[in-house]
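Let's take a walk through this model, stopping at a few spots along the way. Have the sequence handy as you read.

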Amino acid sequence: MNREQLLHALQATTSSTESKEAGNYLDGCTRVIGFPSELLKVVVDGSVPDTVRQAAVIYFKNTLLKHWEKDEEDTEKENNDFCIADQDKFFIRENIVDAVCVAPEMARIHLCTAVQTIVRLDYPDKWPNLVAKITQLLSATDANQWLGAFLVIYKVSKVYEYRRAKERGPLVEAMQHILPIVYQHFIHLLPNPSQESVLLQKIILKIFFALIQFSLNMDMLPVEVLDQWLEAIKEIVVRPVPAEAATVDDKDEAAQMIWWKAKKWACKILERVFDRYGAPGQVDKGYAEFANHFIAKFSIPCVEAFLSLLEQKRQGHLVTDRVLHLSISFLNTAVSHSVTWKVIKPHMLDVVKLVLFPLMCHSDEDEELWVDDVQEYIRFKFDIFEDLHNPTYAAGSLLTAISKRKDTMQPLLQFIIQALTDSHDARQVDGALHMVGELANQLCKSKKYKKDVEKLLEAHVTGRLLAQERFVRARAAWCVKAFSNATFHHKNYLSKIVQNIAQVIAQDNEELPVKVEAALALQYLLNDQGETVQTMLRPMIKDIIPKVLELVAKTQIEDVCGVMDQLIEDYMDEVIPIATKLSETLSNMFIEIITQEEIADDRTPTLMSVISTLTNILDVVEEHADIMRQVEQHVLRIIKLVFESEMADYYDDILLLIQSLINSYVSVDMWAIYFEVYKIFKSGNNSLVLFTDIMPVLHQYLATDTDGFLARPERLACCYEMCELVLRDKDQGDDNQVHAAKMLECLLLQCPGVINSALPQIIVLTLQRLSEPFEGLTELKPLLVVVLIAAVYTNAEMAIQTLRQVAPHHPNPLDYLTEELISLTTKWEGIHNRKMVIFCWCTLLRLPAQLRPTIISYQPVKVIESCVTVFEGLERSMKAQAEGAKLEDEDSEEDSDDDEENLPKKGKKKGSSARNKHRNMDQDLGDSEDEIDEGTLQYLQSLAKQHKTGEDGEDDEDSGDDSDGEEFELDETESEAFVTPLDDEETAPDPFVMFKKTMEEFERVEPALFNQMVSPLDEKGQEALRKLITTCAQHAQHEESKKVEQAGGYEFGKTEVPTAFNFIN
């Protein structure tokens, strides 16, 4: 490797005129042995200019990421046939750790990324001396060597951070050697507040967090060792930061200072240990002993440490937002435990009044963002990810936790109401409204307070919906949303709220954030108060819907689209006249967003919500053909744009939109879209869109407009070609192939006798797939057999002829089909497939003797045994379906009933706050009681069970929870969602009646063969056949009664249990 040429090329990459040529040269050097090693030498060479070293480290990192090891699974990956030579790998492993120590800071981050890649692929088998190298560096006296060692340890920890316990063996073994030395360095560094020292401390804290974040290994960290670490970490929480970090005016600047970063990681560790491992009653049983130890030894000192941070905040000293958030989160966990609550309780009111309350007030930052960029303000307020580390959110959670404690609600309410009554500071009013909204759930379920909630709203919230200050109006609307499921004994109170909310939405000059909060409050009221609010709002709804639509267009956020969906659902009659305008506005908005040069990630949910809203509009106007045609034209603009622009991210949603458009009829324009669907599938070969998503659209076209589907042969040809592509491609997977097989069956059953030209192709394609191995899902093979059944059922003559051509030397071409029917007897699932099996046997039994399959003539008892078994399964499935429908009806009735306790309704609209849920316990927690969150505990136990399963390397098949006590089990197959004419209960033949008539005719025509069929049955088989005969008779009588009823009369009769096997009356 010519070093001078390499250096020149690296230097040239920084030149605008030479960079392309230099890049080509370096890419060509990638396969040269010695190239990555030489790059590493350049990185650590202090005599080389920094720009060259920076270029070298980037090329070095990228080369390692791409070529350290071949990706056997990704055969299409560029240059996947090459990997770095073993001698280069050896040189790099031997020297990269030292390189991390001596490299400049700008290069170190790239080297660490490379180290993580090598650890992931080579450690420990191919890099056995890594631990020894790290230990050597830790034993040195040079701080740079410590830094390099710590950074490498951190990367090792990150590789194993989320792995299961059984996969963390190399990490545990390494840390048993390394961690004691790291701890000694940590203790040595603690007294030193210099920036260099605290940087090393911060990295050590990050290492420790990576080790304990997902699981706590007691071999790696025995309790006594863990205690030492926690004591030292607590010291970082309580120790003051230097003056230069304590007096910074800019909080964002302070958060980037090393002292606050170290404190953040220390807080993060303690909060994580308490929440995941140290909270008795809320942790997996494997950590129960440590939880008791932690609560006894560390919980109170830690609570005192975090209270001291809140005290600093109260006194006006700087505490960064992240540290404040973690402090409040720790106390939130502590409030639920009696031991720590008793420590917090004396300080409770001071914490609420002097720390939480100011955090919950409208801030200068809020006001500045509102003024500077109102759109960004709205997105910020409705971005759930912003809440993750927001101290204001944490403050609301802590306030809620405190309110669950006995004798705390009254003083909290006194403080809040006093602020709402006496304060002339609008920001304090905002904070008080914020607090009362956070307490909504507790107030609504409390026997003591819930009856007066409506009076609280009337006195302090309703009027403020029209307050002078815009942020107070917004907060009042948010508060209404929080109390949306309150009980209103005086409907005039609720009516006034609805009127004020509607007035806010309807006002042209109202601020956008206020309108958004009002719209969401209205959605929650409609959802939780039901018909009462629907009736109150109806006189104003024609004014409200256009305003909400305008709000959707202006804000372009997902939550507001949900409001539109609610209005469409609740006011269908009012939506129909303006559906065209609604769809036009939504389509324009979608196109405006999607045609921007760059689509922000946070807009994708909005675009998908627009499609969802359009789908709802289509559902509403489905029966209004003229309006549907107008709406279709606007929706088509979106569909065409997405397909023409190949925006694959939206294909799934567009396909759902197409289904809604063709649900009742298929226009000429939509038939053109049919071919566009075909094109996107063919162009991507299932990589852009799955056949599982395409097939429902194809089925909808076929079922809605069968004549149109058959009017042009190329439509059938396109459908068959897609199915053929899927079934012939082994990489498609069972799920796609199941859908392809179902589509073929639907073609045969939807167009019986009409697509004879395609029937032989379908049979041959099905037989070819049946001849290949089956892996994965069990539904594919039975469904392919059902395709053959459909062919025989719809055109037995042509099906037999085709089978004879496929196997010309076989004496009976139907024998293969009957062999599969018999072998799958106990494997059929669902109602449809079992019906098809019965129809098939009936068809075969009705054939002339010379065409019948061999089994009917020589082993007829197997036929009747198979039929009885299939019928038993069919009856179970039909019963399960009926029971399931009954339960759904009961659940629907329960959901619609007004609950005295006003618990949240099932199916709460998307966007509900996670903390907007009631606890199951009605009583407040006493000072000596712990709060046990059953849901969290079950979740943790489930995780632990999965974790243990992973360790044991085996699954527990009998571990399912049967506590529901259901006596039936739905065995519907996924394919049954696609109905055929044989699934129509009104027009399709009844399999029981068909079987009865078939057997009666068979007994008449072939009495001897019929006797051979039923006589050999054992006692159990005879009893099963008796039950089947009775059931068949009942179905026949029911069918006859329906005919009489349709003719204008009724016929009642009693079915006698047969004593002989005679199907003839």
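**A covered helix**

Helix 20 (364-372), helix 25 (426-438), helix 26 (440-445), helix 29 (491-506) and helix 30 (512-529) are among the elements that cover the buried residues of helix 28. Contact here means heavy atoms within 4.5 Å, and helices are DSSP runs (H or I, at least four residues), numbered from the N terminus. Keep in mind that this is a predicted model: local features need pLDDT of at least 70, side-chain atom pairs count only at pLDDT 80 or more, and totals for chains, interfaces and linings use all residues. Residues are numbered from 1 along each chain as its sequence is written, and side-chain values use heavy atoms, with hydrogens and water left out.

How covered is helix 28? Mostly: 12 of its 13 residues are buried, where buried means under 20% relative accessible area, exposed over 50% and partly exposed in between (1.4 Å probe, protein chains only). Among the buried ones are R473, R475 and K481, along with W478. The length of helix 28 (residues 470-482) works out too: its 13 residues should span 18 Å at 1.5 Å a residue, and the end C-alpha atoms are 19 Å apart, which agrees. That expected span is 1.5 Å times one less than the number of residues.

Now for the charged pairs. The whole structure has 37 salt bridges, each a side-chain nitrogen of Lys or Arg within 4 Å of a carboxyl oxygen of Asp or Glu. In helix 37 (residues 625-644), D626 and R629 sit three residues apart, about one turn, and their side chains meet in a salt bridge at 2.6 Å, N to O. An α-helix has 3.6 residues a turn, so residues three or four places apart point the same way. D626 is exposed at 53% relative accessible area, while R629 is partly exposed at 40%.

R852 and E1006 also form a salt bridge, at 3.1 Å, N to O. This pair links distant parts of the chain, 154 residues apart: R852 is in the loop between helix 48 (831-845) and helix 49 (854-858), and E1006 is in the loop between helix 52 (991-1005) and helix 53 (1007-1014). R852 counts as buried at 7% relative accessibility, and E1006 as partly exposed at 22%.

Finally, look at E779, in the loop between helix 44 (759-770) and helix 45 (780-794).

Technical notes
Helices (H or I, at least four residues) and strands (E, at least two) are DSSP runs, numbered from the N terminus.
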